[in-house]
Amino acid sequence: MDMRPDMKVDLAGTELHNPVMPASGTFGYGQEYKDYFDLSILGALVTKSVTWEPRYGNPLPRIAECSQGMMNSIGLQNPGIEHYLEEDLPMLREIYYGPVISNISGSSPEEYGRLARAIDGQEQVVALEVNISCPNVKDGGAAFGADPEISRRITEEVKKNTSLPVFMKLTPNVTDIASIARACEEGGADGISLINNFKALKIDLKARKPVTAMKYAGLSGPAIKPIALRMVNEAFHAVDIPVIGIGGISNADDVLEMIMAGATAVQVGSANLVDPWTCPDIIKELPKRMEELGIESLDEIRGVI
Ligand code: DHB
């Protein structure tokens, strides 16, 4: 009998064979990773935020390295919903056969609703992740996710326009994450994804200027993991819907910490950019670490903290 630890998770009604998925924006539409490993081993795959119209994103430079992390200010570069549905999703389906989570971003509740409606019914798409936390745009973005009322409104608007489970992706740049998570739950959210990155600043001393063109950029990577764990734990205790844990995960132990903090599943972000094999390595390591730690299933440890 196979006694391998059970990595399966139920994510708002969808069964994932493991809890590991790449985070939005760190994995494109899979094309850059398909030659490194078989993408179908992923628990799920989250695509880069799509907006209604195409966007070029912010001026360069928009990436900076820092100790134990990185900063980015991409500005939601993406080809727009039409190209996403007609080119990117079909091409993804040729290289990946598992569950897709479509991340959407808008500058008004109405735009989020239109995007939700456009994606509803797409093959392989099992959920929407709603980005109300981009730190790098003028209109909306993290400003939406910092306001409980707007967070609720956007959740309601998306729910009205889709039959898919809806995960609201929250910004950590708030005083009280529990109140935002609760507002999303009240608006009908099926789950919460957190955290997005921290608004940050890196300075070039010689130039006496910010390193990134837009001045501020979002900090991610191992540096933010302890804060992510605290916020995932706060959200877990504030709501009754599943939480996807994100923030600085780069190995199997990080995943187990996130699940103990309350996460149902996890997303790996910056680590993909450091090492494209991070997700497959974690998926391979996870059952071994579970065995070593005497964990038989992820359900057994979820939210024990
Ligand atoms: C961008 C958006 C995000 O939500 C994020 O976490 C990082 C970058 C962006 O496109 O600027």
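Select Trp52 and Arg114 in this predicted model. Arg114 lies over the face of Trp52, 4.7 Å from the ring centre.

Next, show the aromatic side chains. There are five aromatic pairs in the structure. Pick Phe27 and Tyr33: their ring centres are 3.9 Å apart and their planes meet at 15°, so this pair is stacked. Now colour by accessibility. Phe27 is buried at 0% relative accessible area. Tyr33 is buried too, at 7%.

Move to the largest nonpolar core, which has 87 residues. Select Ile104, Ile119, Leu170 and Leu194, the residues that touch the most other members. Stay on Leu194. Leaving aside residues up to four places away in sequence, Leu194 touches Leu170, Ile177, Met231, Val232, Ala235, Val243, Ile244, Gly245 and Ile246.

Now turn to the backbone. Most peptide bonds are trans, and most residues other than glycine have a negative phi.

- Ile195 sits in the loop between β10 (191-194) and β11 (198-201).
- Leu60 to Pro61: this bond is also cis, with omega near -5°. Find Pro61 in the loop between β4 (45-46) and β5 (63-66).
- Gln68: phi is positive, near 60°. Look in the loop between β5 and β6 (69-72). Gln68 is exposed, at 55% relative accessibility.
- Leu76: phi is again near 60°. The loop here runs between β6 and α1 (81-95). Leu76 is buried, with a relative accessible area of 6%.

Terms used: Residues numbered from 1 in each chain as written. Predicted model: local features only at pLDDT ≥ 70, side-chain atom pairs only at ≥ 80, totals over all residues. Heavy atoms only, no water. Phe/Tyr/Trp six-rings, centres within 6.5 Å; stacked < 30°, edge-to-face > 60°. Buried < 20%, exposed > 50% of the residue type's maximum accessible area, 1.4 Å probe, protein only. Lys NZ or Arg CZ within 6 Å of the ring centre and 35° of its normal. Core = buried A, V, L, I, M, F, W, Y, C linked by side-chain atoms within 4.5 Å. Contact = heavy atoms within 4.5 Å. Helix = DSSP H or I, 4+ residues; strand = E, 2+ residues; numbered from the N terminus.
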